[in-house]
Amino acid sequence: DDFIEVENREVLTESSFWQTEDHALQALTATYAALHSSSGSKWAFFEEIYTAMAYKADEMVNNTAETYSRSLASFTNTTEESGPFNIWRSAYAGIGRANQILLQVPNMEALSQESKDVIMAEAKFLRAYYYFWLVTGFENVPLVTSYEVDPDNLFPNQVTPAEIWAQIETDLTEAEGAMLVEHSGEWLGRATQGAAKALLGKAYLFQEKWAQAETKLAEVLAMDYALLENYEDNFNGSAENGSESVFEIQFTGDRSNGNDERQVFNFEVSPYAFGGWELFYPSQWLVDEMRTDLNTEGDPSDRVYASIFFDDPGSEMYSRDIDDNVAYTDAAGDLNHPKYFKKYSFNEDTNFYNGTNISIIRFADVLLMYAEALNENGKTDEAIIEINKVRERGGAVPLAAMSQSDLRTQIRHHERPVELSMEFGIRWFDLYRWQRGSTATESIKTTLEDHGKPFAENFQDKHILYPIPLQEININENLDQNPGW
Amino acid sequence: TKIGFSQDKKIVVDRDQELSVEQVFDLIRQQTDYSFIYRSDLFSEAPRVKVKKGETRINRLLQKTLSFADFEYELSPDGAILLIKKEKQVKRKKEKVQQEITGTVTDTNGTPLPGASVLIKENTTVGTQTDFDGNYSIMVPGFESTLVFSYLGFTTKEVVVGDQTTINVTLDEDAQGLEEVILVGFGTQRKAEVTAAISSVDIEEIQKIPTADVATSLQGQVAGLNVAIATGAPGSEPIIRIRGLGTIGNNNPLVVIDGIPGELSYINPSDIEDISILRDASAATIYGSRASNGVVIVTTKRGRTGDPRVTIGSYASTQWFSNGVDVANRSQHDQIKLEAFNNAGEAPAPYLTSGAQYADSDWVGAYIDNAFEQKHDIGISGGTENMKYSFSAGYFENTGTVVNTDFNRLSTRLNLDFNLLEGRLKIAPGVSYTRETTGGIFEPTEEGNASFSPFLQIYQTLPHKAIFDSNSLNGFATPPSELGSGNPVGETQLNDRTDEDDYLQFNVAATLKLFDGLDYRFQYGANIENTHFANFLPTYNFGPQAVNENPSLSELRTRSNEWTLNNTLNYRKSFGKHDIEVLLGISREKSEFRSAGGSNNELASDQLRGLSAGIGDESSFGFNSTSTLQSYFGRLSYDLDDKYYIQGSVRRDGSSRFASTNKYGNFYSISLGWAVHNESFFNSELISQLKPRFSYGTLGNQLIGDHLFLARIGSGGQQLNYPFGAGQSQPVIVGAIATSLPTPDIQWEETATTNIGVDLGLLQNQLKFSFDYFTSETTDMLVNVPIPATSGITSFPLTNGGNLENKGWEFSASYNNSNNDFSYSVSANISGSTNEVTKLGIADEAFTDGFIEFNNFPTTRTEVGGEIGRFYLFEADGIFQTQAEVDAHGVQPNAAPGDLRFVDTNGDGALDDDDKQFMGSGLPDFEYGINFSANYKNFDLSLFFQGTHGNNIYNGVRMWLYRTDRQNMSADLLNAWSPSNTGSNIPRNVFGDPNNNIRPSSYFLEDGSYFRLRNLQVGYTFPQNIMGNLPVDNLRLYVTATNLFTITDYSGFDPALGNGGTFNRGVDRGFYPLSKSLILGLNLTL
């Protein structure tokens, strides 16, 4: 019977893996890779995950000609909507990989304890980050903290959001101590202690644990981070993993050996007339708000010009078509739409896609979160100082003193949306946490209506959360659908 | 089937002459495929035979020639007639009471039958034969005696003597041909013995359908055989299903060519001698593994004894298609789109109002063109009794109705037969080589997430864009930037993309007669497939989204080696009324696959085509896999008195694809048949054949990947790799981790099939029917079981996680009639099947598929309790005429008058996924084929109709082209609903489609039933007297038209397309259309 015993020459197996330090690092790399979506496809990341996270917010309107997340944007999506499913699937892919590392690495003999600790700490950080996607998007999700291969154990129940938050805090607290303060050289881009602290601070913020948030974010401020001198450098690739970067999703223009880990943002946001796809635009509300973000001369601030392409004599944008910047006034006649986003629109590659990283948490966000915690802790004046650091770097005049509640509104509907517009996973989840918190001043629906969000009239409470994906409920009957869906 | 002894074969005698037996054989050999095997001294003493000028039938000539003695005939599968002189059994015995009876035996036309046998039933040792004039005389023991008259190829007749002294008998020809044989696993059977559901294909009929592809020509020819054409692209492979869907895994039948598993698509149809379709388990068990989806057995032509015989077949054809999808031209486009923007309250795109400055191009017209097809075949065969040869060579070419989709094939085959040791050892080697060259386009026929059809790309290209530009370097126009990027005709034309596949088949069989009835057979076969794919893109710039800044090249070579080794012992013996055949065998198969590919995204110049000329980013890739099978099998057939038939088979298969504990699967079958018409009690003038059949058997399936039972670690690739390091182009780091669950317990999938059938013949089998009903149950179905994403695993593990029931029926009928100048035959078949999933996955999960675009618009769902791949859609029930109707309906917040109304099926006041309904599937209720052929004097005519009924098609093309938010759209939208056109059934044109009218709904689901004249052929054979002294034996010219008309309600391109997949069957994503063609051809025999 030797004839029907064929040696495996195709594929790595469990018995040949988990042997060396390289294997552990490969497993960790794979855990990071889920940041690009479970399939690793740049399209799944941008057209599914990014749009699903962004389209419900008031800062953008989608190009209605494109179906991607279109029904999320008009609050008419069904439980089958693919964007939330991709978020779900990618998050759990990352969690599953982290769980594999936490199961296997402790038993590996080839690694020093120090290496093991760092790798496992990063796995915990990533697991916490993926749960962050889940708990803020779906709230009611299963908590999976071990890697299961027995089919009978693959059908978990949901737990309360509090249990997920607790797991996030535990993972980040454990991770923070063991993570490196910085990765350099070939491993630049891996998560660091600062990232864990900042994410933990953000998690406290989401739970309105203002005092812990202030403390934890202050620890980040005490580290070696600094705002970039030039706001735009955060989006043009010139300062990747630089002083303002706390944690970024890494992309690269490297095409050797069939690799394609590029991002497509510039292609997605550029006007048709410049050769782009114009998948979405800034909302009129955001443009109006930005027009109030002025420099000392009374013109829009640098950060406004770096963020949007709009009807303004100083506005210009890179055109792939002519490989140069074009002034709005020259392009207006060919444009399909009056206003465009331009963050990440800088071209670096032949096919429009490029290797510019996408920020998850940058130091400006840490400062604004810190300011928010300070303000909620009654330290409004200190908060304004932190906010002004951010404003001044962006070329905007500093804020004068104001009341706690005015500053709260200023943070919510000016500082954060103007500074962080369109950035990955920010605006909608800010709206979500403010609505969910005790400091809520209005419902999301009111915000959306006040800010002229198209189809805001369709918004119901159920739209605050994504539906549990039908694709998943079809498979796991232990799952309950979110209320209203 | 041709293998049988066809008594209809006519032999032309050009003058009155007297011939020796061997000269008669020569005459027959020259004009037919038959050859003769006999001891060389057998006819040394034989008398010469007088033959008259004119035509005679082969059996008459033979009977006449051999009437001087008693011979036993044995027909070998390759058409040779083995002649053995019988010991004189027929003796005249003296009996106490003697009565002499005399008479004449004739056929129905009154022609005497020389050499007919006349026996006394009560004592078969007594008998005689008719003389040259059909006269006989025999002494019978008494008036109660019964005389039995028999003659090869005629039905036997019995006459009670009574008080007669002269008995003249007219024998009827047996239309079926008693000795007709059929291919079965590892051999042949007499058709009369067959108890399983086996169909033989009428090769002469299918060879009338001019095509390069055997599978295509099988469409509609055999009940229970479904050939679905996935795409009309030249060289594309159709999908063959036997008895519908037996599993949700791999449903491809096993194809056995000259005894060796192989690839049907590489065979030149002209080389085929015979095809059998094994439909039920009892027929297929002998092939055990892989046979659960049925078996297609093919034999290729072999040489005949005689002088070299040359056959030439040649045709040329023009092809076109007319049923284009009607897309808007420029002014229509502007009108529709302005209305759409207006209805959405949005400002129109600037280009819509700039009209005349733009082109008005016909993109579809530039993409398609009439195709030219030609096929030329030459065959040379002949040989001596001890060495026969058959050589053929063929060339086929189709230029494609779409630019850059040409296909050509060169094929050659040599089959040899050696008879050694006085016929006791036969060695039969065969070798064939095929090269196929396919240009072409990628088409989204795969399951799962749909890629985008190039046809949709063409349909939706703006007519405003110019196609050609004589000033540009490559001749194609770059669109102005406001119209967006892309020139799909240019991109297709400039893309140098070729697939060159070499396929070498070699097999040799050696059969040794050990002693009487016992044969040992050794067979070795190898299939070697080498493919080479190259994809070159030159530099071009059709706008920023359609730039290829550098010439780039990607190449892939694959090499597949498969070999099969069979050793069988076959024992066949008759003991009086008992016929027994025993087959025992072992076989080994090995399949090795390797591939190597590379690419470079920048070559130094557009003129270069070698990867070494690359100066950009390069990559390499390749795979290596091996699988093996080891099998033991046996079959016992027993037949009592040509009335009762029983057959049993067993097979034990071991596969490398399972872990050591699960390697082997055991399969068995039993089948029974009863020839009621041979019973003495059965005496019907009308019914000439009545044979009920029953069979039950089990089969295995292991059509899965290799080494799936191991705990695999995914490594590398986009999914797991991630970049780290400094800069915008930091290096990509390889990631690796388990991305699939270990499934160590996977084992053989098993299908158990029960078949009940009956064969019925009427009017001396002029009219024949065959009916089969089957049920099959597949258990431990190998399926990729959906598991929750919370597992962290995104690839579904393959487990024995499903059960499926499949039921169906098949009915076929044929009728032949002939007289002197006019003969015709009609045959028809119809079959249907239904399936039901009875278990799926770990917790009865559901599958979603039939995506219209990437990850979006799923249209089918497969779940327990229903059929595979049912359409699962919203029900659209009309168009809102007023706002009041919208408000009253209440569940479509963004709808306005003119939008589609969708049914809130569960009445919960919300329109959501729970409101989707199952709406049939792409599997027809039944499908059918009708062949009609007729001969009148030198003219022949054949018609072939084919169709399906009861299948649905989701018209994804229409859905796509009813969107006003993409680029170009269907011209139908000119007639969209508007307040002034409220009668329209097309929803209003509105940019952004706020009501989501294009959601997967019944609005785009159409009835896919069709009835088609697939083939119409008229031929003329030149008469002998006209051919005169030309060195040509036979010349026939013909004209054929294919796909001449189709009756269907389907509004898309072609209801026969896109029916390929298991889960996406009937989802039309825009495929290469089928052509109509007009063909002129000739057949020539030298």
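In chain B of this predicted model, Ile101(B) stands opposite Ile138(B), a residue of strand β11(B), where strands are DSSP runs of E of at least two residues and helices are runs of H or I of at least four, both numbered from the N terminus. Strand β8 of chain B, comprising residues 99-107, is joined to β11(B) by 6 bridges, and the two run antiparallel; strands are taken to pair if DSSP finds at least two bridges between them. The order β11-β8-β14 describes an open sheet of 3 strands in chain B with mixed pairing. Its edge strands, each pairing on one side only, are β11 (135-140) and β14 (169-171) of chain B, and the twist from one strand to the next averages 35°.

In chain A, helix α5 (residues 113-137) packs with helix α7 (residues 193-206) at an angle of about 25°, their axes lying 11 Å apart; axes are lines fitted to C-alpha atoms, for helices over the stretch in contact, and angles between N-to-C directions run from 0 to 180 degrees. The helices α5(A) and α7(A) are therefore roughly parallel to each other, a term applied to angles under 35 degrees. On the side of α5(A), Phe125(A), Ala128(A), Tyr129(A), Phe132(A) and Thr136(A) meet Ala195(A), Ala196(A), Leu199(A), Ala203(A) and Phe206(A) of α7(A), contact requiring C-beta atoms, placed from the backbone, within 7 Å.

Residues are numbered from 1 along each chain as its sequence is written, and chains are lettered from A in the order in which they are written. Local features need pLDDT of at least 70, and side-chain atom pairs count only at pLDDT 80 or more, whereas totals for chains, interfaces and linings use all residues.

Definitions and conventions
Angles under 35 degrees count as roughly parallel, over 145 as roughly antiparallel, 65 to 115 as roughly perpendicular and the rest as oblique. Two residues are in contact if their C-beta atoms, placed from the backbone, lie within 7 Å.
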